[in-house]
Each structure stands twice: as structure tokens, then as C-alpha cells.
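Biologist: I'd like to learn how to read a protein model. Could we start with how its parts touch one another?

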Amino acid sequence: MDFKLSKEEQELWERAKQFTYEHITPRALELEKRDEFPKEVVQKAYEAGLMNLHIPKEAGGPGLSLLAETLVSEATGYGCAGMATSIMCNNLAFAPLVIGATIEQLQTYVQPLITGKEAKFGAFCLTERGAGSDPADMTTRAVRDGDEYVITGAKCFATNAPVASLFTVFASTQPELRHKGLSVFMVPKTKGVKIGHIERKMGQKNSVQSEVFFEDVRVPKDCLVGKEGDGFKIAMMTLDKTRAGIAAIATGVAQRAVDEAARFANIRHQFGKPIGKFQGISFMLADMGTRASAARLLTRYAAWLADHGMPVSKDSAFAKAFASDAAMQNATDAVQIMGGYGYLEEYPVEKLMRDAKLTQIYEGTNQIQRLVAGRAILKESVNLDTGFHVKYEGRDPPLI
Ligand code: COS
């Protein structure tokens, strides 16, 4: 087993870390106060080739792996989880299209957005006010009318929506079928697409989320991705992949918490020595470092599975839940180690704590990740022979 990155991956990892060092970390606190989309930094990330990595070469992208995406997400997440979310959000918005659209559709709708001078954005529109963890309950409708579809409904928490040119919209074409009636559409910013309330958040203020209203929006029938009824499966296949990206941002936060806390523990003297010399602190740092490393391994393993076409639902759920819990725990511990300084706005760790919280919520709460992982483990166990042959309640093998 070789844990080394390839030459290209190593180059990308170094480039993303250098970008973070120069453009993200020094500006994260200052830009956060503005509570708006960090356009300038994202434009620089686009110019540095850190966006749209998974778009296939035939549609103008670099056609890189999910592992490559996680490297950039971790590196930028280390500097600022909000900016990382702004930079990496096109991965989520365009993934359903890479999964379900034809190359011709990608060339028509996505290529112009990723090959110009200016960075352009997509927004993933799945969640609604009344349908979050249970997207099958959505009320957005798409009705076929001749050569067009007419889309009507309201989405919320749509990242990058206020700056988006293309909306990936999940809508029901056959409501009575629930999840089997969902379809997905590429919707350019056109008449009837309206941006609603921009959310004010606890953390990740360097990324924007808003409501999006679709008021009788007409799109050509070739904006349908895949077939009618493919929407739910495409959404699930998307999240299977992109959750590794959130895990990577969370790993960046978890590692930053270790590094800031360790730096402080070396410098801060109490009782005549650096506080890091006290076992109470060094054991905390050891646990924090373990969590960050384990988060990284789970994340890269999930990405590797996806890149090799292997089932990834369970492992991306493991990675997302573990890494985001690690980020939250490490950020909390870093605040604790830094004491009063940890709680101040001028120091980076109170921001880490606010930013980490969202990684436990977005792209599926960690309860949903555990539901996905728990179901997968139970399913696998049906055919599992552990060699311990005792009947449970008269049943052999155990049934679920
Ligand atoms: N890949 C492909 N197909 C999948 C799949 C996956 N990872 N997961 C489920 N499916 C399929 C199932 O096989 C099933 O297909 P059939 O109807 O043909 O049998 C169908 O999808 C329904 O699956 P299931 O019964 O598991 O659906 P549930 O309604 O129970 O929901 C969860 C499953 C909870 C996992 C799903 O709704 C979910 O991920 N919710 C969270 C949504 C989320 O992350 N929102 C945040 C968006 S980002 S802002």
C-alpha cells in the first residue's frame, strides 16, 4: 500500500497550500467581517486552476480525480472553511451534470462557465424550507409543455446562488411517485429565477447561501439531465462523492486547530514553563492530532474508492461524519488550550469553532451520515459469515 501522492497530486497539493498561505489565511478574518461572497479571492483561485477540477476534458475541464478535489478542499479549508466552500461549491453544483448529462449538454451549459476569464458559478438547488434531510418531500414542480419544461418552486440554503449563472434544480415531474418522480434540470439565470433572502450565519461567513425562487421558469427540454425520474438517484450519487469534499474541508479545519493550539502551547508560559510541557495540554494535542490524521485518511480513502469506481456511500458517510466531528472537537479544544485568547475575535480559533459547526450540518447532517452508514453496514451483514455459528432467535444467518 502506497500512501504517497502522485507527482501531479503532490504538485496540486503544494499549489493549493501556497495559495492558501498567500491569499486565504491572511485575509480570512478581515473578509469575514464583510459577511459577503469573497469575489476577489475566488477569482484568484479560479486563475490558479483550483476550481472545476472534475469537469471532463471534453467539456473544457481538467478532468481530475475526486482525490485531487479533496486535496484542494483540505488546503483551502485550512485557511478558511467559508472560502473553501465558495471555491469548491461548483463541484457540488456541477457533479449531478457530470454524472447524468451528456457531453453535448456539458459543452453547451457548463463549458462556457469554466473557460472564460472570469470565474462563474453554479448553485445546487435541492433543499427546500420543508424538505432538508428528506429531499423526496420537495414541492418544486417541473411540467413538460411542448419543447419546454416549466419549473415552479422555492429552494433554500443554496450556496453561491446569489452569484450563480447556472442552477442545478431538482424538481418533481411526477409528485405521486415521491423520490421516483424527481428529475434534475440545468437552469440558466433567466426570467423568473429570483434570489431571495441571503442567510446570516454563525460561521463560514466567507460563503453565501440564499433562497432561490423559480416562478414559471421556462427551459428547453434539453435542460433535463438524464431521464425524468432519475433525479433522486443522481442526487444521492452526487452526495456520495461531494461529502468527501466536505470531509476534506473539515480535515483542514481540524489540522489548523492542532497547529494553532500547538504554536500557542509552545509560546505561552505559565508556572515557569511553556504550557505544552504540561501533560494535560500535550495529551489534548495528541488526541487532536490523531483525529486530524484519521479524518485525512478516511477522506482520501473515500475519494480513492470513488475514483476507482467502487461503492462509496458508506465510506464517504464515515469520512464526512468523522472529519466534521473531528473539526468541531479540535476547534473546541483549541479554544480551551488558548483560554481567554482562544475566545477572542483577533485570534483564529474562535472562527474555527464557528466554521466547524456547519461541516456537521451541510451536505447531510451527521445524523443522516450515520443513517447512511448504519444502513450500509446492516445490508452488508446479511451475507456476512463471521465463523461464529449460533442461531439468533432461531434465525441463521441473522436477518434484518
Ligand atoms: N446511490 C444510488 N442510489 C441510491 C443511493 C445512492 N447513494 N442511496 C439511495 N439510493 C436509491 C435507493 O436504492 C432507492 O432506489 P429504489 O427506489 O429504486 O429502490 C432510492 O434511492 C431511495 O432510497 P432510500 O429508500 O434509501 O431513500 P430515503 O428516502 O430513505 O432517503 C437518505 C435516503 C436519507 C440517505 C437521503 O434522503 C439523504 O441523503 N438525505 C440527506 C439529503 C442531504 O444531504 N441534503 C443536503 C443537501 S446539500 S445542501
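This is a predicted model: local features need pLDDT of at least 70, side-chain atom pairs count only at pLDDT 80 or more; totals for chains, interfaces and linings use all residues.

Biologist: Which domains does the chain have, and where do they run?

Modeller: The domain assignment gives domain 1 (7–114), domain 2 (122–229) and domain 3 (232–381). For domain 1 and domain 3, the C-alpha centres lie 20 Å apart.

Biologist: Now pockets. Where does the second largest pocket lie?

Modeller: To place a pocket, look at who supplies its lining. Domain 1 (7–114) and domain 3 (232–381) both give residues to the lining of the second largest pocket, so the pocket lies between them. The space in there comes to about 490 Å³.

Biologist: Which residues lie nearest the centre of the second largest pocket?

Modeller: Those are D2, F3, R300, Y301 and W304, out of 16 lining residues. Helix 9 (residues 279–307) gives the largest share of the lining, 7 residues. If you sort the lining by class, you get 7 nonpolar, 3 polar and 6 charged residues.

Biologist: Charged residues make me think of salt bridges. What's the general idea?

Modeller: Side chains of opposite charge can pair when their charged atoms come close. In this structure there are 28 salt bridges.

Biologist: R300 came up at the pocket. Which residue does R300 meet in a salt bridge?

Modeller: R300 pairs with E74, at 3.4 Å from N to O. This pair links distant parts of the chain: R300 sits in helix 9 and E74 in helix 4 (residues 66–79), 226 residues apart. Both R300 and E74 are buried.

Biologist: What about R354 and E32: how far apart are their closest N and O atoms?

Modeller: They are 3.0 Å apart, and the two residues form a salt bridge. Here too, distant parts of the chain are linked, with R354 in helix 11 (residues 349–359) and E32 in helix 2 (residues 28–32), 322 residues apart.

Biologist: Is R354 buried or exposed?

Modeller: For that, check the relative accessible area; buried means under 20%. R354 has 18%, so R354 is buried. E32 has 5% relative accessibility, so E32 counts as buried as well.

Biologist: Where do R263 and E260 lie?

Modeller: Both are in helix 8 (residues 231–267), 3 residues apart, which is about one turn of the helix. Exposed means over 50%, so R263, with a relative accessible area of 54%, is exposed. E260 counts as buried, because its relative accessibility is 12%.

Biologist: Which residues are linked in a network of salt bridges?

Modeller: One such network links R27, E30, R34, E36, E40 and K44.

Biologist: Let's finish with one residue. Where is P38?

Modeller: P38 is in the loop between helix 2 and helix 3 (39–47). Try the cut-off again: with 5% relative accessibility, P38 counts as buried.

Biologist: Which residues is P38 in contact with, leaving aside its neighbours within four places in sequence?

Modeller: P38 is then in contact with L31, M83, S86 and N206.

Notes:
Residues are numbered from 1 along each chain as its sequence is written. Side-chain values use heavy atoms; hydrogens and water are left out. On a 1 Å grid over the protein atoms alone, a cavity is a set of points where a 1.4 Å probe fits but cannot get out, and a pocket is an open set with protein on both sides within 12 Å along at least five of seven lines; lining residues have an atom within 4 Å of a point. Grid points are joined across faces, edges and corners, and a volume is the space filled by probe spheres set on the points. Helices (H or I, at least four residues) and strands (E, at least two) are DSSP runs, numbered from the N terminus. Ala, Val, Leu, Ile, Met, Phe, Trp, Tyr, Cys and Pro count as nonpolar, Asp, Glu, Lys and Arg as charged, and the others, Gly among them, as polar. Domain bounds come from an automatic or database domain assignment. A salt bridge is a side-chain nitrogen of Lys or Arg within 4 Å of a carboxyl oxygen of Asp or Glu. Buried means under 20% relative accessible area, exposed over 50%, partly exposed in between (1.4 Å probe, protein chains only). Contact means heavy atoms within 4.5 Å.
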